[in-house]
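The following questions and answers concern the structure shown here.

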Amino acid sequence: MAAVAPVRRPKRRSIPVGRILLLGFFLLFVLWPLYWMFNTSIKPSDDYLTVPPVWFPSAPTLVHYEAALFAYRGLDGLINSLIISLSATVLSALFGTLMAYSLARYNTGGQHLSFWVLSQRFLPPIGIVLPVFLIYRGVGLYDTHIGLIIAYTVFTLPVSVWMMFAYFRGMPKSMEEAALVDGCTRWEAFWRVAVPLAAPGIVAAAVFAFIACWTEFFFALILTSRTAFTLPTVFRAFIGFQGAQYGEAAALAIVSLVPSIALGVLAQRHLVRGLTLGAVRG
Amino acid sequence: MAEVRITGLHKRYGAFHAVRGIDLDIRDGEFTVLVGPSGCGKSTLLRTIAGLEESSEGTIEIGGEVVNDFRPRDRDVAMVFQDYALYPHMSVAKNIGFGLKARKMPKPEVEARVAEAARMLGITPLLGRFPRQLSGGQRQRVAIGRAIVRNPRIFLFDEPLSNLDAQLRDEMRGEIKRLHQDIATTMIYVTHDQIEAMTLADRIVLMRDGLIEQQGAPLDLFERPASTFVAGFLGSPRMSFLPGTLKLDGSAAAIRLADALLPVAPGRTLNGATDGQPVLLGLRPEHLTRAHAAAPAQGTFRYDATIDLLQPTGSRSYATFRLAGSPVMAELQAHDVSRPGERLPIDINMNRASIFDAKTERAI
């Protein structure tokens, strides 16, 4: 019998079952709490704890949003949080960039200053919150926006500095030197060459600082009361002696997510872009 | 256009003494190459001239003006960096025009000068691109464009070709030489590559351990090296060094290498030489040729060599043999020799040979 030539089967595209399962599970893991939170925020109060759960309310309602934003002053908290977090983020990025550049390029303070900066975060916040509270009350910063902005700037600066320090360290010096020879002052070389190149690092540090400020609870709780209170502190009102206000808590949580997600989307492009590509030999 | 005068220059980094007292005069329009092994201080010297490093001691004058306390931007120099140092966030046109803009030149003039520089370097079609979209050679051209557009008093080059592949390096070397011929501005060029130094320089400054070992026209250094270091650094393949002793007999001098006695060319001055002094005889491959004439010419020593290593390059063959126990390389015509083990008469041109003191390794 003549040997039969092996028939070459067209290669079938295999379905990556494992990958789909893994991604599906991960998606469920991430989205389920969001769904639950959103669902709770539009459920009438009677549907919170039913068995079986109400998967989607037949009569969605916005009453919890109204209550959370106005009755519980969630909107004021949101505005305060935006003012304080954005200001602290900008200041932290500004000072962090300047300080990190100085550490990276001039070796300011020798080899120990940079680590000393980071070491400030080793201190548990509870260790300083009481003295800070007393000082703030003494100098009139208690329950003010500016007071919390200062506290948050100081609080986020070590991480901003450290992130930017690493970034500047990794950037070749020669481009700034070329700018100096080309006719720039030290400041212009920093501003027109180093800063644009460090943009991805600055954005990353800023996002980090913003998230830290946006979610900060402890300092806000101690250092503010009726005026400069931030969004996270509003949440504690939802667990009171009338029981838990699930709907209002969920509604405010949804609202508080919006800026973080918007920031993430805006910053993503910068976070990913590698600007230094092609600068030096490739 | 300007001359450069460096007097008593030192540079220390903490305990490390990178430049240890340099005196150097560079004439207006001269192409000077600072060459030496890595760590010899040549880049530090260049960066000090640019103002990117502060000198620890000594003065730097550009165009008759002491510039020690000038910022880099006020020295009116342009520099091409080893890694090109293009600004990655700017287009090629912006890169080239950056220095002019930084000096507040009106925009139409910036554009005109950028266009002219781009035309000179043949990179006009690239003006709208970004550095990451360019090849190595194109980036190098942009970096040179950024330097020439400013029309500076001095050009500084810090190993500009070392990141390019061999073929492109040859090409760019020619272009830099042509650029110097065209614009005739003072250029100071750092390299560790002796071929670049020999081909580009009006004057070579050969450095070693933070000091100038020898300076002069390329052929002067090549033909009359002041030390074994200079002799060994310039020329490829390297000069061969043979240990021997000097024989002085009245006006005639010779070098004894084991059983061979090689007469020193008559009329050659031997500074401070003494009879029996241990010396090193330096022979370049091109000082040795296959003997064709019946008798050796004046100043030539004939030796019956047994070739033990042959390296053909096509047009030439490098043949290694032993002379008084030491390996010597001869540059022969390809048809002079066919295989290792061959015996052939070699003429050694003692007129061009170098003689060094064996202890100090300085030329005598």
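Predicted model: local features only at pLDDT ≥ 70, side-chain atom pairs only at ≥ 80, totals over all residues.

Q: By class, which residues make up the contact of helix 3 of chain B with helix 4 of chain B?
A: Helix 3 of chain B contributes B:Ala117, B:Ala118, B:Met120 and B:Leu121, and helix 4 of chain B contributes B:Arg141, B:Ile144, B:Gly145 and B:Ile148. By class, the contact of helix 3 of chain B with helix 4 of chain B has one charged, one polar and six nonpolar residues.

Q: How are helix 2 of chain B and helix 3 of chain B oriented to each other?
A: The axes of helix 2 (residues 92–102) of chain B and helix 3 (residues 107–121) of chain B cross at roughly 130° and come within 9 Å. The crossing of helix 2 of chain B and helix 3 of chain B is right-handed. Helix 2 of chain B and helix 3 of chain B are therefore oblique to each other.

Q: How many nonpolar residues does the contact of helix 2 of chain B with helix 3 of chain B have?
A: From helix 2 of chain B the contact takes B:Ala93, B:Ile96, B:Gly97, B:Leu100 and B:Lys101, and from helix 3 of chain B it takes B:Val110, B:Arg113, B:Val114, B:Ala117 and B:Ala118. By class, the contact of helix 2 of chain B with helix 3 of chain B has two charged residues, one polar residue and, as nonpolar residues, seven.

Q: Is helix 6 of chain A roughly parallel or roughly antiparallel to helix 8 of chain A?
A: The axes of helix 6 (residues 145–170) of chain A and helix 8 of chain A come within 9 Å and cross at roughly 155°. That angle makes helix 6 of chain A, relative to helix 8 of chain A, roughly antiparallel.

Q: How many charged residues are in the contact of helix 6 of chain A with helix 8 of chain A?
A: Helix 6 of chain A passes helix 8 of chain A in a right-handed crossing. Among the residues that make the contact are A:Tyr152, A:Met163 and A:Phe168 of helix 6 of chain A, and A:Gly201, A:Phe208 and A:Cys213 of helix 8 of chain A. The residues of the contact of helix 6 of chain A with helix 8 of chain A divide into 14 nonpolar, three polar and, as charged residues, none.

Q: Which helix of chain A supplies the largest share of the side of chain A that touches chain B?
A: The contact takes 24 residues from chain B and 22 residues from chain A. Helix 7 (174–182) and helix 8 (186–215) of chain A each supply at least two residues of that side of chain A. By class, the side of chain A that touches chain B has 13 nonpolar, five polar and four charged residues. The largest share of this side, seven residues, comes from helix 7 of chain A.

Q: How far apart do the end C-alpha atoms of residues 145–168 of chain A lie?
A: UniProt lists residues 145–168 of chain A under "transmembrane region" in an unreviewed entry, which also includes residues 217–239 of chain A. The span 217–239 of chain A is 43% helix and 4% strand, and its end C-alpha atoms lie 15 Å apart. Residues 145–168 of chain A are 100% helix and 0% strand, with the end C-alpha atoms apart by 32 Å.

Q: In which loop is A:Pro52 found?
A: The peptide bond from A:Val51 to A:Pro52 is cis, with omega near -10°. Most peptide bonds are trans. A:Pro52 is found in the loop between helix 1 (17–41) and helix 2 (63–71) of chain A.

Q: Where is B:Pro237 placed?
A: The peptide bond from B:Ser236 to B:Pro237 is cis, and omega is near -5°. The place of B:Pro237 is in the loop between helix 8 (228–233) and strand 11 (240–249) of chain B.

Technical notes:
Residues numbered from 1 in each chain as written. Chains lettered and ligands numbered in written order. Contact = placed C-beta atoms within 7 Å. Nonpolar A, V, L, I, M, F, W, Y, C, P; charged D, E, K, R; others polar. Axes fitted to C-alpha atoms, helices over the stretch in contact; angles between N-to-C directions. Parallel < 35°, antiparallel > 145°, perpendicular 65-115°, else oblique. Left-handed = near helix turned anticlockwise from the far one by under 90°. UniProt positions renumbered as here; feature names shortened; annotations may be inferred.
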